[in-house]
Amino acid sequence: MRFKLFLKDVCNVNSLAIIAGNRDFPILVARQARGEGVQTILGIGFSGITSPELSQAVDRMVWMGLGQLGKMKKILKDAGIRELVMAGQIPHRLTLRSLKFDLEGLKFFKAIKEKNARTLLGGLVLELEREGFQFLDSTQFLTQSLVKKGVLTSKKPTQNQYQDLSYGWKVAKVLADLEAGQTVVVKSGVLIALEGLEGTDEAILRGGALAGKGTTVVKVARSRQDMRYDIPVVGLETLQVLQKIKSAVLGLEAGKTLLLDQEEFFERAHKMGLIVVGMVPPPPADP
């Protein structure tokens, strides 16, 4: 209760707009924001990406297509909402498809030369902040879901698995800072798969197909992660993928990764024998 009162006093958010990507992250943000006293919540969803269930957790739901920046600005201005939060992933591969732009969206998209999460989402933040809107951290209402430091399961890594975690951390950090991806798959000191345009789950599946069971998966944030967008998120969907390939270890950057549905997540992880480690720099040493 003390935590909730503190958060409300600091935020002082009465109305909030959620720019929603995929899966359950936006829904959890909406529910928690409501519980923290936010009175009016607007959901902005993208057809084919955002879960329709978000409409049940917000006061009003507006649907639009990717590339309609002018429409987004008008929606926000008409609603009179200034505080915004981004929640949920918008798959980067969609930028390769034919998007339906409005004039402002087309101008914005063409002005960005290197189109990655940092430039596209960071550019959107800057564009809307110039219009007087304020973005909150994506973790603003889910700080309790941030990964903690240390071994988070009863089962601990072996010496070889610690070495794979350390190696995976080093490679994943370089990968993330290159804006290429956030996840790598390692086994027995061999780098198996790097996340690219396909996304985390597909990269894990590819790693499992190549290396078989017993892989170590590491997911990190950028060295200079902007917590307003593109936060690493892991949930039950990714756990199902790890179970499918019989992965042995999951390493997540502590303090910068959201782990959703933690009670059920760890219950399932225990049953499948998955080791989960919250990692911080420097990478973990051998025990």
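Leaving aside neighbours within four places in sequence, which residues is Lys148 in contact with? The legends below refer to a predicted model, and the first of them takes up this question.

Figure 1. With neighbours within four places in sequence set aside, Lys148 contacts Ala254 and Gly278. Lys148 counts as partly exposed because its relative accessibility is 47%. The C-alpha atoms of Lys148 and Met279 are 8.3 Å apart in space, although 131 residues separate the two in sequence.

**Figure 2. Helices α8 and α9.** Helix α8 spans residues 236-244 and helix α9 spans residues 262-272; their axes come within 10 Å and cross at roughly 5°. An angle under 35 degrees counts as roughly parallel, and α8 and α9 are therefore roughly parallel to each other. On the α8 side, the contact is made by Leu236, Leu239, Gln240, Leu242 and Gln243. On the α9 side, Glu264, Phe265, Arg268, Ala269 and Met272 take part.

**Figure 3. Helix α2 and the elements that cover its buried residues.** The buried residues of α2 are Phe25, Pro26, Ile27, Val29, Ala30 and Ala33. The cover over these residues includes the strands β1 (15-20), β2, β4 (83-87), β10 and β12 (258-259). Just after the helix, Gly37 adopts a positive phi of about 100°.

**Figure 4. The salt bridge between Arg34 and Asp59.** The side chains of Arg34 and Asp59 meet at 3.1 Å, N to O. Arg34 belongs to helix α2 (residues 25-35), whereas Asp59 lies in the loop between β2 (40-46) and β3 (60-64), so the pair ties together parts that are 25 residues apart in sequence. Both ends are partly exposed: Arg34 has a relative accessibility of 30%, and Asp59 has one of 47%.

**Figure 5. The salt bridge between Glu179 and Arg222.** The closest N and O atoms of Glu179 and Arg222 are 2.9 Å apart. This pair links distant parts of the chain, 43 residues apart. Glu179 sits in the loop between α6 (159-177) and β7 (183-187), and Arg222 in the loop between β9 (216-219) and β10 (233-234). Are these two residues buried or exposed? Glu179 and Arg222 are both buried.

**Figure 6. Further salt bridges of the structure.** The structure holds 17 salt bridges, among them one in which the side chains of Glu198 and Arg206 meet at 2.5 Å, N to O. Glu198 is partly exposed, its relative accessible area being 22%. Arg206 likewise counts as partly exposed, at 34% relative accessibility. Elsewhere, salt bridges link Lys73, Lys77, Glu104, Glu127, Arg130 and Glu131 in a network.

**Figure 7. A nonpolar surface patch that includes Leu194.** Tyr167, Leu191 and Leu194 make this patch, which has an area of about 220 Å². Leu194 is placed in strand β8, residues 190-194. With a relative accessibility of 35%, Leu194 counts as partly exposed.

Conventions
Residues numbered from 1 in each chain as written. Predicted model: local features only at pLDDT ≥ 70, side-chain atom pairs only at ≥ 80, totals over all residues. Heavy atoms only, no water. Patch = residues over 30% accessible without salt bridge, like charges linked within 9 Å, V, L, I, M, F, W, Y side chains within 5 Å. Areas by Shrake-Rupley, 256 points an atom, 1.4 Å probe, with all protein chains shown as cover. Salt bridge = Lys/Arg side-chain N within 4 Å of Asp/Glu carboxyl O. Helix = DSSP H or I, 4+ residues; strand = E, 2+ residues; numbered from the N terminus. Buried < 20%, exposed > 50% of the residue type's maximum accessible area, 1.4 Å probe, protein only. Axes fitted to C-alpha atoms, helices over the stretch in contact; angles between N-to-C directions. Parallel < 35°, antiparallel > 145°, perpendicular 65-115°, else oblique. Contact = heavy atoms within 4.5 Å.
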